[in-house]
Amino acid sequence: RSFSPQSSSMPAPQFCPSQELFETYPHEWLDAGDYPCAQTRDLRPLPGGYGSGSSTLAQWISGHMANDAANAHTLFPPAWGEPPLAQTSDYRPLPFGYGYGSSTLATWITEEAEEHSFTTL
């Protein structure tokens with residue numbers, strides 16, 4: 001028998017990265033072309049407040065966050081919107097590995113991470 005794509009009941013191929021990912025992760029990260037389409041099937045908390053996903057995905061996020069920190073360019077998930085403009089002048093560790101900043105920013109990060117709890121696996 002010959003294979004005919006038109007008669008197959010197979011779903012259309014998924015493109016990686018999918019459009020959904022552009023709503024979850026910073027576009028600059030996805031534009032780098034290194035998103036791990038093949039991932040392990042374990043489930044763990046992800047850095048950056050991205051919810052939970054594979055250790056492969058956690059390594060990808062950690063690598064981009066480290067690169068951003070080295071370039072003094074912090075990127076947050078697009079779904080969070082823009083960080084608050086008015087912030088207190090205190091300086092403290094930020095949650096989820098985002099470095100240091102104000103308590104206003106820390107509260108915003110925590111609230112946004114809770115509101116947009118992503119699970120990717």
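This is a predicted model: local features need pLDDT of at least 70, side-chain atom pairs count only at pLDDT 80 or more; totals for chains, interfaces and linings use all residues.

Me: Which residues is Gly48 in contact with, leaving aside its neighbours within four places in sequence?

Reply: Met65, Trp80, Phe96 and Tyr98. There is also a C-alpha to C-alpha distance to look at: Gly48 and Ile61 are 7.6 Å apart in space and 13 residues apart in sequence.

Me: What makes Leu105 a buried residue?

Reply: Its relative accessible area is 11%. The cut-off for buried is under 20%, so Leu105 gets the label. You'll find Leu105 in helix H4.

Me: Which contacts does Leu105 have beyond its neighbours within four places in sequence?

Reply: Phe76, Pro83, Pro84, Gln87 and Leu94.

Me: His64 has a polar ring, so why is it counted as buried?

Reply: The label looks at accessibility, and His64 has 10%. That is under 20%, therefore His64 counts as buried. The residue belongs to helix H3, and beyond residues up to four places away in sequence it touches Trp29, Ala32 and Asp34.

Me: Now the other end of the scale. Why does Tyr100 count as exposed?

Reply: Exposed means over 50%. Tyr100 has 52% relative accessibility, so it counts as exposed.

Me: Where is Tyr100, and which residues is it in contact with?

Reply: Tyr100 is in strand E4. Setting aside neighbours within four places in sequence, its contacts are Tyr91, Arg92, Pro93 and Leu94. As for Asp90, its C-alpha is 9.9 Å from that of Tyr100, and the two are ten residues apart in sequence.

Me: What makes the phi of Ala72 worth a remark, and is the residue buried or exposed?

Reply: Phi of Ala72 is near 50 degrees, a positive value in a residue other than glycine. On accessibility, Ala72 has 73%; with exposed meaning over 50%, it therefore counts as exposed. Ala72 sits in the loop between H3 and strand E3 (92–93).

Me: Why is Phe96 called partly exposed?

Reply: Phe96 has 38% relative accessibility, so that is its class. Phe96 also has a positive phi, about 65 degrees, although it is not a glycine. Its place is the loop between E3 and strand E4 (100–101).

Me: How many residues does the largest nonpolar core have, and which have the most contacts inside it?

Reply: The core has 22 residues, and those with the most contacts inside it are Tyr25, Trp29, Trp60, Ile61, Tyr98 and Ile109. Helix H2 (27–31), helix H3 (55–70) and helix H4 (103–115) each supply at least two residues of this core. In soluble globular proteins, nonpolar side chains tend to be buried together.

Me: Which residues is Ile109 in contact with, leaving aside its neighbours within four places in sequence?

Reply: Phe76, Trp80, Leu94, Pro95, Phe96 and Tyr98.

Me: Last one: how do the residues lining the second largest pocket divide into nonpolar, polar and charged?

Reply: Six are nonpolar, three polar and two charged. Among the lining residues are Pro26, His27, Glu28, Phe76 and Glu82. Glu counts as charged, so Glu28 and Glu82 go in that class. The space in this pocket is about 170 Å³.

Technical notes. Residues are numbered from 1 along each chain as its sequence is written. Side-chain values use heavy atoms; hydrogens and water are left out. A nonpolar core is a set of buried Ala, Val, Leu, Ile, Met, Phe, Trp, Tyr and Cys residues joined through side-chain atoms within 4.5 Å. Buried means under 20% relative accessible area, exposed over 50%, partly exposed in between (1.4 Å probe, protein chains only). Helices (H or I, at least four residues) and strands (E, at least two) are DSSP runs, numbered from the N terminus. Contact means heavy atoms within 4.5 Å. On a 1 Å grid over the protein atoms alone, a cavity is a set of points where a 1.4 Å probe fits but cannot get out, and a pocket is an open set with protein on both sides within 12 Å along at least five of seven lines; lining residues have an atom within 4 Å of a point. Grid points are joined across faces, edges and corners, and a volume is the space filled by probe spheres set on the points.
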